Amino acid sequence: MRTVQRDLLVLGPLLLLGTLALTGCTPEPVPQAPQASETTGPTDAPVFASDEEALAAATEAYAAYLAASDAAGEAGTPSRDLFLSLSSGRAHEEELSVATSFDERGWKQIGSTSFDSMAIQSVEINAEKKWEIRVYVCLDVTKSDIVDSSGVSVSQPDRPLRMPLTVAFVGTDQHIDHFKMTESQVWSGSDFC
């Protein structure tokens, strides 16, 4: 079974909820959020004057991503297309895979997801010369569920409802308000949620 559960857990609310519905595993509770690192970037024209500005951009991007995830309809609908447009790279490919799996099973996400406790991990220019913001965040799925085509929950009753994640966003300096999620993984360190 390889690391299917881990592969599914790393991708976002649809994926996360789907995996939690199947697994019912819970993260180990442990203390506080890790401390943020210093912001790095080009010295000639930084996009962000501070970690606070980078955090605001990441907060806006993640809020838009979760709202689009909550509203995502079936394949081919504008709401699904919008949701998928907010991720890129490996995260996008895995979101497509999970969405297809949900469609095949007749599953859908209902309710709403939220987040809190976001903190900057790093801000830097990546290998592709794009801005990358990495954050720690608590994903909260308390008010959401995965249901089958009959409206019956397929989520495990003992699934974790709050999970510590590391999430990455990438964008160009010309479009700081258009960061796309490129990675979302369960944090393996102390549970800061």
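Begin by selecting Tyr-62 in this predicted model; leaving aside residues up to four places away in sequence, Tyr-62 touches Phe-115, Met-118, Val-137, Leu-139, Leu-165, Val-167 and Phe-169. Tyr-62 also belongs to the largest nonpolar core, a set of 28 residues in which Tyr-62, Ile-133 and Phe-169 are those with the most contacts. To see where this core comes from, colour helix H3 (51-71), helix H4, and strands E2 (114-125), E3 (131-140), E5 (162-171) and E6 (180-186), each of which supplies at least two of its residues. The largest share, 8 residues, is contributed by H3.

Next, select helix H4 (residues 78-85) together with helix H5 (residues 89-105), whose axes come within 10 Å and cross at roughly 150 degrees. Because angles over 145 degrees count as roughly antiparallel, H4 is described as roughly antiparallel to H5. Showing side chains here brings up the contact itself, which is made by Arg-80, Phe-83 and Leu-84 from H4 and by His-92, Glu-95, Leu-96, Ala-99 and Asp-103 from H5. By residue type, this contact divides into 4 nonpolar, 1 polar and 3 charged residues.

Which residue of E4 is the bridge partner of Ile-110? The partner is Asp-145, and Asp-145 lies with Val-147 on one side of E4, while Ser-144 and Ile-146 lie on the other. In a regular strand, side chains alternate between the two faces of the sheet. Both faces of E4 are covered, with these four residues all buried.

Definitions and conventions: Residues numbered from 1 in each chain as written. Predicted model: local features only at pLDDT ≥ 70, side-chain atom pairs only at ≥ 80, totals over all residues. Heavy atoms only, no water. Buried < 20%, exposed > 50% of the residue type's maximum accessible area, 1.4 Å probe, protein only. Pairing = 2+ DSSP bridges. Axes fitted to C-alpha atoms, helices over the stretch in contact; angles between N-to-C directions. Parallel < 35°, antiparallel > 145°, perpendicular 65-115°, else oblique. Contact = heavy atoms within 4.5 Å. Nonpolar A, V, L, I, M, F, W, Y, C, P; charged D, E, K, R; others polar. Core = buried A, V, L, I, M, F, W, Y, C linked by side-chain atoms within 4.5 Å.
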